[in-house]
Amino acid sequence: MKRYRGPAVTKTVQIQAQLSDRLTGFVNNTGYTVKDVMNKAVEEFLKKYGG
C-alpha cells in the first residue's frame, strides 16, 4: 500500500465503533497507519464512484 507523504489537511470523521475496532486491529497487525488506510480508502471510493 502506498504511504502518503507531504502536506496534509486535518479532517475529523466519525466511524462506527465496530469498524473502528477492525481498523485498529488492521493497523496493529500490518504496521500501516490509520492515515494511510483512510487515504487509500477514500482514494479507492472516489475512483469507483466518480469523485
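The model is predicted: local features require a pLDDT of at least 70, side-chain atom pairs count only at pLDDT 80 or more, and totals for chains, interfaces and linings use all residues. Residues are numbered from 1 along each chain as its sequence is written, and side-chain values use heavy atoms, with hydrogens and water left out.

Three salt bridges are present in the structure, a salt bridge being a side-chain nitrogen of Lys or Arg within 4 Å of a carboxyl oxygen of Asp or Glu. In general, side chains of opposite charge can pair when their charged atoms come close. Lys40 takes part in a salt bridge with Glu43, with 3.5 Å between the closest N and O atoms. A salt bridge also joins Lys40 to Glu44, where the closest N and O atoms lie 3.2 Å apart. Glu44 in turn meets the side chain of Lys47 in a salt bridge of 3.9 Å, N to O.

Helices (H or I, at least four residues) and strands (E, at least two) are DSSP runs, numbered from the N terminus. Lys47 and Glu44 lie three residues apart in α2, about one turn of the helix. An α-helix has 3.6 residues a turn, so residues three or four places apart point the same way.

Accessibility was classed as buried (under 20% relative accessible area), exposed (over 50%) or partly exposed (in between), with a 1.4 Å probe and protein chains only. Lys40 is partly exposed at 26%, as are Glu43 at 23% and Glu44 at 36%. Lys47, at 60%, counts as exposed.

Helix α1 comprises 14 residues, 17-30, and reaches 20 Å from its first C-alpha to its last. This span is close to the 20 Å expected at 1.5 Å a residue, the expected value being 1.5 Å times one less than the number of residues. Just after α1, Gly31 adopts a positive phi of about 90°.
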